[in-house]
Each structure stands twice: as structure tokens, then as C-alpha cells.
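Visitor: Could you walk me through the charged pairs and a helix contact in this one? I have it open beside me.

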Amino acid sequence: MNPPTKSTLNRLRSLSPRARLTRADARVLAEQQANALIEAIGSSDGIHERHLSMLPRIRIEYDELPTSGLSYWNGIEWMLVINKDESPARQRFSMLHEYKHVIDHVDRVVLYASEEDAERAADYFAGCVLMPKREMKRLFCGGLQRPEDLAEHFGTSAAAVRVRLDQIGLIDPTTFTRNQRCARPVQTPPWRSQRFRPVKRSFS
């Protein structure tokens, strides 16, 4: 794991164009920031509470809340307060969701046309950090395709996995069945069988 640096938050903020974003642009930015955070922390087992807690001026606490989480500046450090009664998978998602709000704080009014757009971007960021696109594609196209199995691998909920698979384009959101991008042929293609016919050998 790479040691945290004081510039981590500034580095993520520096990726922002400081201009009004469409929802599509907001997703692109969120994924860029997620990848930058993953690179900065350099953890081989995903990003957890201990990683964010090591960043300067970030403090994570758990409390009874009417929502999944909240974030605010207390004059000394950024507070990420997470609902203590929710599942660990949900708490981890909420932690990263709130961290995205911290990243966006300076330019939030400029970046997003509405509060809903800001919340969508925070959700997308959390999904990108927890389930990076490249790793998700590698596993899915390698045969690990049950949401429950992927959820166990990434430490998320199966519902979050389904959303992420839809975002990446690996499943049909209406049926939750895999798209042809990673489907395997049910029989050998004609060009392959004609070019590479097995050679019969005698072992007598």
C-alpha cells in the first residue's frame, strides 16, 4: 500500500473541469477520480475504512443516523459519519459516497445542475472504487458471473454488483442476463474447424 500524501484530495479535485457537467461527463469524472484514488492508495485488496482514515484530515465515525451517511468539515478535519446499523457492505459504499462529496465540495454548485446529479455522481464514484471496471470485466469474462459470487469477491452487495454490471454494459438491466460481449460460442466457428482440423495419429 502506498503511503497517503497530503496532496491526495487536491489531486482528485484537480481532475475536475470546474464547469457544469452533463450526467455522462459526471460519470467520466467520477471514474477518473476513483481510479486516481485506487492508484494513490495502492491497496491490493480494495479500499477500506483503514485506507481513508490514513489520509490527512479525514475522520470516519459510526453513529445512529436517519440516512446512510453524511459528511461535513468541523473546522479541523473532514468528518465522514456512517450509519452504524447498516451492513458492512453498505457502510463501505456510504463511506466512499461521502468521500466523493468531500472531493466535490469546493465546486459542487458549479459541477452539478441539481442535488440529484451530485448524489448520482457520488454513487457512481463509490461503485467505481469498489468494483473497478477493468477487474469487473476480467472476472465476468473469465466466468465469474453470479452477482452473489462477485459481491463476495469485491465485498459489496449483490444489488450493487448488478448496478455496476449494468453501468459497464455486461448485463441487460431489464433481464439481468449477460450481454454477448463476453458470451462464449456454443460450437466451434467454421473458420476455426476448417483451418485447424486435428491430425489423426496412430499409436499402434
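Guide: We will take the salt bridges and then a pair of helices. This is a predicted model, in which local features need pLDDT of at least 70 and side-chain atom pairs count only at pLDDT 80 or more, while totals for chains, interfaces and linings use all residues. Residues are numbered from 1 along each chain as its sequence is written, and side-chain values use heavy atoms, with hydrogens and water left out.

Visitor: How many salt bridges does the count come to?

Guide: The count comes to 20 salt bridges, where a salt bridge is a side-chain nitrogen of Lys or Arg within 4 Å of a carboxyl oxygen of Asp or Glu.

Visitor: What does Asp-45 form a salt bridge with?

Guide: Its partner is Arg-50, and the closest N and O atoms of the two are 2.8 Å apart.

Visitor: How far apart are the closest N and O atoms of Arg-90 and Glu-86?

Guide: They are 3.9 Å apart in that salt bridge; Arg-90 is partly exposed at 38%, and Glu-86 is partly exposed at 24%.

Visitor: Which residue pairs with Arg-138, and where do the two sit?

Guide: Arg-138 forms a salt bridge with Glu-135, with the closest N and O atoms 2.8 Å apart. Both belong to helix α7 (residues 133-141), and because they are 3 residues apart there, about one helical turn separates them. Helices are DSSP runs (H or I, at least four residues), numbered from the N terminus. Arg-138 is exposed, with a relative accessible area of 52%, whereas Glu-135 is partly exposed at 23%.

Visitor: Which residues do shared partners join into one network?

Guide: Salt bridges with shared partners link Arg-23, Glu-116, Asp-117 and Arg-120 into one network.

Visitor: Changing topic, at what angle do α8 and α9 cross?

Guide: The axes of helix α8 (residues 147-154) and helix α9 (residues 158-168) cross at roughly 100 degrees and come within 8 Å. Axes are lines fitted to C-alpha atoms, for helices over the stretch in contact, and angles run from 0 to 180 degrees between N-to-C directions.

Visitor: Which residues make the contact?

Guide: From α8 they are Pro-147, Glu-148, Leu-150 and Ala-151, and from α9 Ala-158, Val-161, Arg-162 and Leu-165, where contact means heavy atoms within 4.5 Å.

Notes. Buried < 20%, exposed > 50% of the residue type's maximum accessible area, 1.4 Å probe, protein only.
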